[in-house]
Amino acid sequence: MLNKFFLVFAIVILSAGHALSGWVDDAIKEESKKALTPVVRDFGLGISAGMNTRAGSLSFPGVEVAARMGMPAVSEDNDVLGVSILPVPFFSVEAGLPGDFDIYGRFMSISVEKSGVDIIGGGIRYSIFQDRFFSPMPAVSVTAGMNRLSADDITITATTIGAAASKKFFIVTPYAGVSYEMFSGEFKTEAAGKIKPTENLLRFNIGSELNLIPALFLGFGLDITSESDSGVGFHTALGARISL
């Protein structure tokens with residue numbers, strides 16, 4: 001199933017890159033930048049999805065591994081991508097450090113017809129409050145990280161600064177967060193040279209994790225942004241976690 005999503009994702013971005021080459025030939029650079037800004041926004045939302053969900057630290061030497069997917073809705077002003085939902089799959093690894101800090105990384109790499117698509121990124125989380133079983137206070141964390149997508153002559157970078165809160169109730173852990181997202185892209189074209197669109201926005205996310213089996217979790221959430229052309233997006237996760 002995950003391989004199928006990898007293939008769909010690769011076809012979408014590689015097709016977009018080839019379609020752009022003909023479109024840019026007949027457009028001036030400023031108009032090209034305007035048209036590519038929604039592309040940067042949508043892919044940026046995909047590669048940074050799930051950065052700011054469950055709060056709290058894994059505690060040293062806790063560890064988590066997961067398969068994740070961001071599924072932002074393609075923006076209404078995005079005339080390049082011919083899909084309504086953009087699936088962006090990747091793997092993530094997180095480790096607890098002393099002092100309520102966690103570090104994490106995410107990655108994905110595939111090749112389709114000799115063209116590659118790569119995602120690499122990471123960040124750090126600090127837990128201001130931990131989730132205690134006998135306390136009504138939720139866990140509260142702040143997060144900062146960066147993710148980058150590279151494909152042929154396309155590079156898209158997403159920088160995230162956010163805060164989240166969560167509270168575990170037996171097997172369910174609802175969470176809510178807000179983050180400031182900074183997206184930048186670089187498109188190398190023959191007609192217009194390098195085009196570097198940027199976009200900044202707020203993302204609000206809510207969701208929940210289920211721990212039906214010890215150490216295993218399933219997560220699902222919704223993403224809403226401050227950009228009026230963006231629709232409601234989704235993010236999912238399936239992984240294993242050992243928190244001490």
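Mentor: A salt bridge is a side-chain nitrogen of Lys or Arg within 4 Å of a carboxyl oxygen of Asp or Glu. This is a predicted model, where local features need pLDDT of at least 70 and side-chain atom pairs count only at pLDDT 80 or more, while totals for chains, interfaces and linings use all residues. Residues are numbered from 1 along each chain as its sequence is written, and side-chain values use heavy atoms, leaving out hydrogens and water.

Trainee: How many salt bridges does the structure hold?

Mentor: There are 13 salt bridges.

Trainee: Which residues are linked in a network of them?

Mentor: Arg54, Glu64, Arg68, Glu209 and Arg241 are.

Trainee: Are Arg241 and Glu64 buried or exposed?

Mentor: Both are buried, meaning under 20% relative accessible area with a 1.4 Å probe, counting protein chains only.

Trainee: New topic: what about Ser48, buried or exposed?

Mentor: Ser48 counts as buried because its relative accessibility is 1%.

Trainee: And what joins the side chains of Ser48 and Arg203?

Mentor: A polar contact of 2.5 Å. That term means a pair of N or O atoms within 3.5 Å; within protein, one must be able to donate a hydrogen and the other to accept it, and residues adjacent in sequence count only if both atoms are side-chain atoms. Arg203 also forms a salt bridge with Asp223, their closest N and O atoms being 3.8 Å apart.

Methods: Buried means under 20% relative accessible area, exposed over 50%, partly exposed in between (1.4 Å probe, protein chains only).
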